[in-house]
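Here is a short tour of one protein model. Keep the structure open and find each part as you read.

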Amino acid sequence: MHDLFRRSPHAVCFVACLFLTAMFAQAQRGASIRFDDASRTFRIDGGDVSYALGINNRNELQPIYWGARLGASDGFPQPHEVHEVASFDLTTTVTPQEFPGWGSVFYVEPALKITFPDGNRDLVLQYASHHIDGNTLTVRLKDIERDVFVDLRYEMDAATGVLGRSATIENQTKEPLVVERAAAATWTLPHGTDYTLDYLTGRWGGEFQLQQEKIVPGARVLESRRGSTGHQNNPWFAVERAHTGEQDAGEVWFGALAWSGSWRITAEMDQRQTIRITGGYNPFDFDYKLNPGEKLNTPVFYGGYSPDGIGGASRILERFELTRILPQRPKPKPRPVLYNSWEATEFRVDEAGQTALAEKAAAIGVERFVMDDGWFGQRKDDHAGLGDWYVNQQKFPHGLKPLIDRVHALGMDFGLWVEPEMVNPDSDLYRKHPDWVLNFTGRPRTEGRNQLVLNLARPDVRDYVFGFLDKLVTENQIAFLKWDYNRNWSEPGWPAVAPDEQKQVYVKYIQNLYGILRELRSKHPGLEIESCSGGGGRVDLGIMGLTDEFWTSDNTDPFDRLTIQDGFSYAYTPGVMMAWVTDSPNFMNRRVTSLEYRFLSSMQGSFGVGANLNNWQDADFATAKRLISEYKQIRETVQHGSLYRLISPRNGSEYSATQSVSPDRSQAAVFAFLHSSQFGYDYPRIYLRGLDPKAQYKVRWISEKPAAKLPETASGEYWMNVGIDLELKGDFQAAALRLDRVQ
Ligand code: GLA
């Protein structure tokens, strides 16, 4: 550039102009929050999104706009109360509010409901003041009579336009009050009737099933009452306007609640066809007493918008997770290739057996060796040992050190399974502290997998759990913990505190869980953690801020996994989606698949091996070594790139295909699967997406045999328009290829 400057003043001007234009574009795309005094409206901009709210003539805070980013000088319609059309539709209930208290006349889902000690249950929140600090807006609401304050926080991410919303409820009255329900936010959609709600349901072994249904009058409740996130619903939603089934076109609004305890999201269309989505603490069995001067913070409810369909929505959310949520944000390290012993040995772990597996794992290119359940206390099966976190002397007579040293010598780091929040009644811990579990005095203590849940809300339990984990990680060179959680709550009592404080367990348990994770990470900065709950029972943006990856499902069947992984990817980045190659037939359904099929299924996420390597033949080791080396060359694209779902595996599809494109579009990885050919039909043509149209890309097959006749090199335009005709025939067939931009 220096030469250019010397040679021509015009060039200087040209470069400067380019620079200024780029700066301007950058500033345009950045975040800004403004308040307009005249119209009493707030405008929040970030990424390609604008969000507006305002104070109406009744002093309520009212949503105005949420959608594509508008011109800097555009104004908005002023907020105003909606006129009454019938005595059954009074204006207080039909006027949308940003954070409605339950009071006056109000029939839809409130964000906050309070009971005062005098029996008053009327709460009417109005604007009191606001404060703008960089990318954060705080709006203070107050009840019309009592000193109950609510601070609504809006934090805009400049790059993605994802807005984080949360509330703090503060009791400034002279007496205690009871919060009966507290949402993080209510999102209101533009008025219309052609909306489809997308959400995720599931069960153990069958998580992340995408559901899509038209929004009609009434409410659809997504929730967990289980004390933790749950397999059954996941705290994520998307709403598509004029849904066509096309992945990458159309308007989509989406949200994800950052909370790992009982939660609820209600998507509601009222009698005037206004759609509101309210999410936060689950009000079921919820009471939170706030003494004078005390506050309650809600979780954060993140929301975003994409004009590029549900595919675009998930790419925005995934970018946001990588750059703003994960502990290693803004640029998480690539996930190492992992080996895990669970399916190979279950509880039968010992020094010799694990060492033998570690040697074989290292030989195929594994970078992290993880010993699963069975190494501690008197753990022979799932009847005993949880809670006693000392190394089992029979299995590891010299402690863990010899195994860890061997793993290090083999060039891998070492990870260990723990289930810190649980206890078996057959354990020293339970014999000593039977009062440490969730329970109601004198009532049965229902066991699940022969275990009970420790009440982490108790300070002594919190200290015990932090203490043993800290000791374990301090005394051993542990790079990674697989943090498991294998049952949900039952009899969620907390007899040690006053009856009117016992239900705080729903909040304080999770706060302490987060506190332990935070403290552990800050004391051991290199430590990485996986959130596992019998597979994907604890996957949400709350725990994601404190852990590095998720165990997606205990179901490791590579075909079932295609649908589970597809669903997962709507809400969570493939960079945190652990996927292992395990043995065939699969333990879950006895399905038989080739090793290459299993590899290609797992290579679409964060890759691991969980097979019993003692049973492998030379050819298996050779396949594994080759494919792990291929994976390492595409893993940054898969883990940090943009995902395009080319063909969905859902609804019994015979075919499925995904494509990941690296952030700079220099590489793409394509995976395609065939369930079973029928009637001799050919594989549907795959059109690639997201490539640089003008760049040339060179093909390289990842699967052993080429599965199509392709030009060696062709433009992005070619791959996206001409596409690829795969020659896949038979049952459970798969192919994968990569494209690299030619310089
Ligand atoms: C859970 C996990 C498994 C394994 C077992 C160990 O089911 O999801 O991966 O760790 O616990 O008991």
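Start with a pair of residues: Arg700 has Arg738 in S36 as its bridge partner. The strands involved are S34 (residues 696–701) and S36 (residues 731–741), joined by 5 bridges. These two strands run antiparallel. Bear in mind that this is a predicted model.

**The open sheet**

S34 and S36 belong to an open sheet of 6 strands. Its order is S31-S32-S33-S36-S34-S35, and the pairing is antiparallel. Which strands stand at the edges? They are S31 (642–647) and S35 (713–715). Each has a single partner strand, so one side of each has no neighbour in the sheet. Neighbouring strands here are turned by 25 degrees against each other on average, ignoring direction.

A helix lies across part of this sheet. Helix H12 (residues 558–571) lies across S31, S32 (655–661), S33 (667–676) and S36. H12 runs at about 130 degrees to S31.

Now look at the loop between S32 and S33, where Arg665 has its place. The phi of Arg665 is near 60 degrees, a positive value in a residue other than glycine. Most residues other than glycine have a negative phi.

**The barrel**

Next comes a closed arrangement. 8 strands close into a barrel in the order S21-S22-S23-S26-S27-S28-S29-S30. The pairing in the barrel is parallel. From one strand to the next, the twist averages 30 degrees.

S22 (residues 368–371) and S23 (residues 413–418) pair in the parallel sense over 4 bridges. Here Val370 has Gly415 in S23 as its bridge partner.

Helix H13 (residues 595–602) lies across S29 (577–581) and S30 (606–609). H13 runs at about 170 degrees to S29.

**Two cis bonds**

Most peptide bonds are trans. Where are the cis bonds described here? One joins Arg329 to Pro330, with omega near 0 degrees. Pro330 sits in the loop between helix H4 (309–325) and strand S21 (338–340). Another cis bond joins Ser584 and Pro585, with omega about 0 degrees. Pro585 sits in the loop between S29 and H13.

**Around the ligand**

How many residues surround the ligand? There are 13, and the closest are Asp372, Asp373, Lys482, Asp484 and Asp554.

| Residue | Atom of the residue | Distance to a ligand oxygen atom |
|---|---|---|
| Trp417 | polar side-chain atom | 3.0 Å |
| Gly535 | backbone N or O atom | 3.2 Å |
| Asp554 | polar side-chain atom | 2.5 Å |

**A pair of helices**

Helix H6 (residues 351–363) packs with helix H7 (residues 401–409) at an angle of about 10 degrees. Their axes are 10 Å apart. Angles under 35 degrees count as roughly parallel, so H6 and H7 are roughly parallel to each other.

Which residues of H6 and H7 meet? From H6 come Glu351, Gln354, Thr355, Ala358 and Glu359. From H7 come Pro402, Leu403, Arg406 and Val407. The residues of this contact divide into 4 nonpolar, 2 polar and 3 charged.

**A hairpin**

Finish with strands S6 (residues 125–133) and S7 (residues 136–143). They run antiparallel and are joined by 8 bridges. Gln126 stands opposite Lys142 in S7. The hairpin of S6 and S7 has 2 residues between the strands. In this hairpin, Gly134 takes a positive phi near 60 degrees.

Key. Residues numbered from 1 in each chain as written. Predicted model: local features only at pLDDT ≥ 70, side-chain atom pairs only at ≥ 80, totals over all residues. Heavy atoms only, no water. Axes fitted to C-alpha atoms, helices over the stretch in contact; angles between N-to-C directions. Parallel < 35°, antiparallel > 145°, perpendicular 65-115°, else oblique. Contact = heavy atoms within 4.5 Å. Nonpolar A, V, L, I, M, F, W, Y, C, P; charged D, E, K, R; others polar. Pairing = 2+ DSSP bridges. Near = heavy atom within 4 Å. Polar contact = N/O pair within 3.5 Å; in protein donor to acceptor, adjacent residues only side chain to side chain.
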